[in-house]
Amino acid sequence: MTHARTPESESESVPSTPSLSSRPAWVEVDLGILAANFRLIRADLPAAVQLLYVVKDEAYGMGAVRAGQLALREGASHLAVYTLEEGAALRAAGIRAPILILGERVPEEIAGVLELELIPCVSSLEMARRFSEAGVSRRRPVAVHVKVNTGMNRFGLPWREVDTWTPAFLELGGIEIGGMLSHFAQSDEEDKTFARLQRQRFEDCLRVWKAAGGRVPLAHLCNSGGYLDLPEAHFDLVRVGLLAGGVYPSSVCRRIPGIQPALSVHARVIAIQQLEPGDTVGYGMRWRADRASRIAVLPVGYGDGFPRVRNQGSALIAGRRVPLVGGVAMDALTVDITDLPEVVVGAEAVLMGRQGDEEITAQELARLKQSVTYDVLVGWRRRLPRVYREAETGRV
Ligand SMILES: *Cc1c(COP(=O)(O)O)cnc(C)c1O
């Protein structure tokens with residue numbers, strides 16, 4: 001299989017030479033799968049509930065511009081980012097849709113937020129006043145969403161003090177309240193007790209706000225886990241990130257049949273070593289052959305985001321699962337292909353994703369990394385070129 005690569009936008013400023021896009025290791029994003037996931041989510045969601053796609057950290061590694069544009073075509077109404085730079089990249093690509101900027105801003109970022117027409121989530125009266133002043137001085141209100149802390153205890157106005165901040169907020173000129181949001185501390189585990197308590201606190205805040213004459217065009221609380229498992233918390237919009245890429249936030253949350261992972265990681269065998277019994281592999285000689293062995297080298301290491309494990313984990317080659325042997329180095333890892341004599345230099349391996357009937361999931365890598373799937377996805381470094389498989393043609 002040959003690959004006509006679509007380089008990431010960040011490499012487009014570099015003169016495009018064939019050698020730059022021919023690294024035999026890459027992240028593949030299947031836009032057909034991503035589009036299908038959005039259609040499945042859109043069909044699963046009640047029609048009245050809007051879909052916001054969270055594209056922070058390059059849409060969890062897939063590329064925020066490509067994934068964001070696709071989401072908007074497939075029925076998402078909003079996007080969300082975490083940093084000004086992420087918002088700027090979407091605007092530079094011509095995306096006009098409403099973009100929320102999550103988290104908290106510092107005063108130095110206000111001008112950038114306004115310039116890019118991003119919608120800030122306001123977590124303090126102090127920042128509300130600053131946005132208010134900016135709106136008054138430019139004579140056009142700044143659209144903001146009010147962030148309420150209902151128990152996550154990271155960002156947001158404290159739910160306990162809603163009676164105090166509501167009137168103070170509502171008397172500010174120069175801002176237009178586009179919505180009110182909160183965030184779950186635990187939405188994807190079996191026990192929903194705390195999530196339900198947060199939902200109750202959020203509803204209490206909405207009630208106080210509305211009783212004081214405030215409007216809430218968009219109330220929103222759910223991330224992927226909440227969207228799947230807490231329909232009573234959908235309100236007007238859900239904020240979905242992880243699930244759109246086809247990865248579930250946990251093993252216990254509801255499944256939507258047909259949702260599949262859109263991101264996979266591939267490499268070609270770059271060298272093969274023939275070992276005698278007793279020979280060792282790699283730094284520290286941590287693996288020793290107990291038989292004549294063939295070892296394939298794949299040019300992906302912890303410098304690319306692969307977990308730094310030794311004698312643990314697998315790759316898929318020729319549709320079979322083969323074990324990693326020795327330690328993962330910065331730039332390469334080694335697998336035992338003794339039982340696959342047909343494998344030659346240039347053979348394609350999968351490090352995350354499907355090949356034949358086998359699959360290495362983000363969950364499997366998360367266990368190796370002693371972390372979560374989110375971390376595995378965003379952990380694939382920019383050093384690995386992103387290759388897009390087109391939705392329409394299936395070509396790469
Ligand atoms: C990241 C994030 C989300 C999306 O969470 P997923 O679990 O990936 O769906 C939603 N809301 C906020 C505030 C976030 O930071």
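## Ground rules

Since this is a predicted model, local features need pLDDT of at least 70 and side-chain atom pairs count only at pLDDT 80 or more, while totals for chains, interfaces and linings use all residues. Residues are numbered from 1 along each chain as its sequence is written, and side-chain values use heavy atoms, with hydrogens and water left out.

## The chain as a whole

Let's start with the big picture. Along the principal axes, the C-alpha atoms fill a box of roughly 80 × 50 × 40 Å.

Of the 396 residues, 54% count as buried (buried means under 20% relative accessible area, exposed over 50%, partly exposed in between, with a 1.4 Å probe and protein chains only). Take the contacts (heavy atoms within 4.5 Å) between residues at least 6 apart in sequence: 65% of them join residues at least 24 apart.

## Helices α1 and α3

Helix α1 (residues 31-44) packs on helix α3 (residues 64-73) at an angle of about 40°, and their axes are 10 Å apart. Here axes are lines fitted to C-alpha atoms, for helices over the stretch in contact, and angles run from 0 to 180 degrees between N-to-C directions. That angle is why α1 and α3 are oblique to each other (under 35 degrees counts as roughly parallel, over 145 as roughly antiparallel, 65 to 115 as roughly perpendicular and the rest as oblique).

From α1, Leu 31, Leu 34, Ala 35 and Phe 38 meet Arg 66, Ala 67, Leu 70 and Ala 71 of α3. By class, that contact has seven nonpolar, no polar and one charged residues (Ala, Val, Leu, Ile, Met, Phe, Trp, Tyr, Cys and Pro count as nonpolar, Asp, Glu, Lys and Arg as charged, and the others, Gly among them, as polar).

## Helices α7 and α8

Helix α7 (residues 162-170) and helix α8 (residues 193-211) pack at about 45°, again with axes 10 Å apart. That makes α7 oblique to α8. On the α7 side, Val 162, Asp 163, Trp 165, Thr 166, Phe 169 and Leu 170 meet Cys 205, Val 208 and Trp 209 in α8. By class, there are seven nonpolar, one polar and one charged residues in this contact.

The buried residues of α7 are Val 162, Trp 165, Thr 166, Ala 168 and Phe 169. Their packing partners include β5 (118-122), α6 (125-138) and α8.

## Two residues up close

Leu 51 lies in strand β2 (residues 50-54) and counts as buried because its relative accessibility is 1%. Leaving out residues up to four places away in sequence, Leu 51 touches several residues, including Phe 38, Ile 41, His 78 and Val 240. Leu 51 and Asp 236 are 185 residues apart in sequence, yet 8.9 Å apart in space, C-alpha to C-alpha.

Glu 232 sits in the loop between α9 (224-229) and β10 (237-240). With a relative accessible area of 32%, Glu 232 is partly exposed. Beyond its neighbours within four places in sequence, Glu 232 is in contact with Arg 196 and Arg 199.

Key:
Helices (H or I, at least four residues) and strands (E, at least two) are DSSP runs, numbered from the N terminus.
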